[in-house]
Amino acid sequence: MAEEDFIKNLNIFSDLKIRLGYGMAGNNRIDSYLSLAVLNSVTYPNGDSTQSGYVSKQIPNPDLKWEANKTFNFGLDFGFFNQRLTISPEFYINRSSNLLLNAKLPSSSGYNSMVINAGETENKGIDLTINSTNILTKSFTWNTAVTLSHNKNSVKKLTGEDVQLWEASFGYNQNTHIIGVNQPLGQMYGYVTDGLYQVSDFDYDAATQTYTLKDGVPYADNKNNVKPGMWKFKNIDGSEDNKITEADKTVIGNAYPKIYGGINNTFTYKDLDLSIFLTYSIGNDVFNATKLTNTKTALQNKNVLAVANSKNRWVLVNKSGELITDPQEMIDINKGKRVAAIYDNEVGDTYIHSWAVEDGSYLKLSNITLGYTFPHKIISKVGLSKLRLYATGSNLLTWTKYSGFDPEVSTMGNGLTPGVDFGAYPRSRSFVFGINLAF
Ligand SMILES: [Ca+2]
């Protein structure tokens with residue numbers, strides 16, 4: 001289009017192109033032969049020796065179909081200032097049908113999971129790429145490339161029920177995610193945390209030293225078991241009995257970011273080159289199952305996370321080690337406390353609640369590379385055509401409010417329960433020194 005006279009006459013663009021595309025593809029991120037009854041060879045102990053044998057590897061699914069991906073995309077390329085600045089937005093709609101999913105099975109089946117066609121999803125979004133040559137002189141150049149992606153996904157069809165609850169299992173035996181037709185993927189599901197029960201939520205009987213929950217204050221399970229310092233949940237369905245039940249669970253987060261991308265800056269100064277690569281994600285939630293499980297008071301006398309130290313945790317014992325019986329002392333000592341007291345030993349707390357959901361937005365200094373290319377004059381004397389020394393540091397810094405090790409996490413290996421951090425091992429920082437040689 002840049003060659004058209006009416007575009008040329010505008011004197012704005014150095015390039016203007018339209019791209020249109022349509023395509024269909026499968027998904028090759030699965031193992032082969034999943035529809036078949038396959039045997040695995042194993043060795044098993046037999047007395048003092050081992051014997052080889054075969055066991056069934058998987059439940060066959062003869063109805064298994066290929067996942068199909070249909071994509072329509074529309075892109076524009078704008079070039080300005082003699083291509084010193086290029087901007088390329090691309091819009092796409094993608095429909096995936098017969099989504100392949102490793103579905104969890106009850107362990108009574110003898111298998112952990114089985115691959116099924118789970119349904120159909122739609123992805124709509126925009127990818128934006130901006131390239132800019134900020135400085136271009138004989139000895140110094142500075143180039144910036146920015147990518148920005150926004151994607152909106154939605155479930156269009158589900159195999160089975162139209163609304164399904166899924167569990168990312170970390171020992172709670174509770175559902176953690178909800179998917180539904182015409183809803184986005186990645187939705188976390190549970191109770192909405194309303195802080196901790198305060199002393200003022202109760203009537204205190206000094207004679208028997210018992211707290212009785214006032215009428216109108218929500219409670220789960222048995223009202224008589226509720227005490228100051230326990231997790232409190234919102235009565236979302238507005239039920240008059242103020243009881244917290246399954247009906248009070250709601251969407252408490254979404255694993256997918258609103259915007260994500262990268263920023264790459266490259267500099268060259270004479271024979272030196274430097275590149276600094278940042279990645280970012282905005283608006284993704286992380287379900288911090290590590291925090292949930294490792295602050296649980298079923299873990300009394302065990303290691304807990306720092307978030308559950310006495311500065312944050314509601315305490316029942318004062319500094320002199322005495323059980324607090326005076327309500328006023330209970331109020332004073334627990335001002336500003338954010339983590340539930342050690343009661344769950346009694347009530348077996350396995351609630352999935354929004355306290356565990358954290359903003360996982362981040363900016364990462366993913367990579368810095370510094371290189372030096374020896375001048376041709378020098379290296380040609382020793383018969384080389386190129387000699388470059390470089391040093392690269394990867395995964396150097398992360399700026400995030402997320403309290404766990406790394407907000408870029410999903411430990412639950414299942415597309416329907418993403419964004420869960422359960423004991424994820426932090427990514428290592430690495431440094432590489434290298435030589436590029438060409439003869
Ligand atoms: Ca309720």
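Author: Two strands count as paired if DSSP finds at least two bridges between them. Keep that in mind for this predicted model.

Reader: What makes β8 and β9 a pair?

Author: The cut-off is at least two bridges. Here 17 bridges join β8 (residues 119-136) to β9 (residues 140-158). So the two strands pair by the definition, and they run antiparallel.

Reader: Which residue of β9 stands opposite Gly 125?

Author: Asn 151 does.

Reader: Which sheet do these strands belong to?

Author: An open sheet of 10 strands, with antiparallel pairing. The order is β1-β4-β5-β8-β9-β20-β21-β24-β25-β27. From one strand to the next, the twist averages 10 degrees.

Reader: Why are β1 and β27 called edge strands?

Author: Each pairs on one side only. That holds for β1 (13-25) and for β27 (430-438). In the chain as a whole there are 27 strands and 5 helices.

Reader: What makes Asp 221 partly exposed?

Author: Asp 221 has 14 other C-beta atoms within 10 Å. Exposed needs 12 or fewer, and buried needs 20 or more. The count for Asp 221 falls in between, so partly exposed is the term. Asp 221 lies in the loop between β16 (219-220) and β17 (231-233).

Reader: Which residues touch the most other members of the largest nonpolar core?

Author: Met 188, Phe 287, Ala 289, Ala 356, Val 357 and Val 420, out of 19 residues. Two or more residues come from each of β12 (187-190), β22 (285-288) and α2 (289-293). Apart from this core lies another, of 18 residues, including Trp 231 and Ile 352.

Reader: How do you know that Phe 287 touches Met 188?

Author: Contact means C-beta atoms within 7 Å. Met 188 is among the residues that Phe 287 touches, as are Ala 356, Val 357 and Val 420. So the C-beta atoms of Phe 287 and Met 188 lie within 7 Å.

Note on methods:
Residues are numbered from 1 along each chain as its sequence is written. This is a predicted model: local features need pLDDT of at least 70, side-chain atom pairs count only at pLDDT 80 or more; totals for chains, interfaces and linings use all residues. Helices (H or I, at least four residues) and strands (E, at least two) are DSSP runs, numbered from the N terminus. A nonpolar core is a set of buried Ala, Val, Leu, Ile, Met, Phe, Trp, Tyr and Cys residues joined through C-beta atoms within 7 Å. Two residues are in contact if their C-beta atoms, placed from the backbone, lie within 7 Å. Axes are lines fitted to C-alpha atoms, for helices over the stretch in contact, and angles run from 0 to 180 degrees between N-to-C directions. Lists of a residue's contacts leave out its neighbours within four places in sequence.
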